[in-house]
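Please consult the sequence and the model shown below.

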Amino acid sequence: MTKNNAQAYWKENIKYLFILLTIWFLVSYGAGILFKDALNQIKMGGFKLGFWFAQQGSIYVFVILIFVYVRLMNKLDKKYGYDE
């Protein structure tokens, strides 16, 4: 592997991290705090949706994003020849 490949790999990895963490921030902070009042008009499982996102939704989204990150990194590893 060349130094250019390693730098391109790292740059793409950081891009994925930034995008996924931004999604998580928007879901946890946006849905749980900023848009709470609008989301509380909707009920899910007997609870207001804004409350649900603040308590459970951001955790679920974070776990889903972990699986998305693993899949993206597996593809990235294959693309740059770091897979086994």
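How many aromatic pairs does the structure hold? The structure holds six, where rings of Phe, Tyr and Trp (its six-membered ring) pair if their centres lie within 6.5 Å.

## Basis of the model

The model is predicted: local features need pLDDT of at least 70, side-chain atom pairs count only at pLDDT 80 or more, and totals for chains, interfaces and linings use all residues. Residues are numbered from 1 along each chain as its sequence is written, and side-chain values use heavy atoms, with hydrogens and water left out.

## Aromatic pairs

Tyr 9 and Tyr 80 form an edge-to-face pair, with 5.9 Å centre to centre and 85° between the planes. Planes over 60 degrees apart count as edge-to-face, those under 30 degrees as stacked and the rest as tilted. This pair links distant parts of the chain, since Tyr 9 lies in helix H1 and Tyr 80 in helix H3, 71 residues apart. Helices (H or I, at least four residues) and strands (E, at least two) are DSSP runs, numbered from the N terminus. Tyr 9 counts as buried because its relative accessible area is 16%, and Tyr 80 is buried at 12%. Buried means under 20% relative accessible area, exposed over 50% and partly exposed in between (1.4 Å probe, protein chains only). Ring pairs also link Tyr 9, Tyr 80 and Tyr 82 into a cluster.

A further pair, Trp 52 with Tyr 60, is tilted, at 5.8 Å centre to centre and 40° between the planes. Tyr 60 is partly exposed, with 45% relative accessibility.

## Nonpolar cores

The largest nonpolar core has nine residues, including Leu 20, Val 27, Trp 52, Phe 53 and Val 61. Such a core is a set of buried Ala, Val, Leu, Ile, Met, Phe, Trp, Tyr and Cys residues joined through side-chain atoms within 4.5 Å. Helices H1 (3-34) and H3 (49-80) each supply at least two of its residues, and H3 gives the most, with five. Another core lies apart from this one; its five residues include Tyr 9, Met 73, Leu 76 and Tyr 80.

## Asn 13 in helix H1

Asn 13 is placed in helix H1 and is buried, at 6% relative accessibility. Not counting residues up to four places away in sequence, Asn 13 touches Tyr 69, Met 73 and Leu 76, contact meaning heavy atoms within 4.5 Å.
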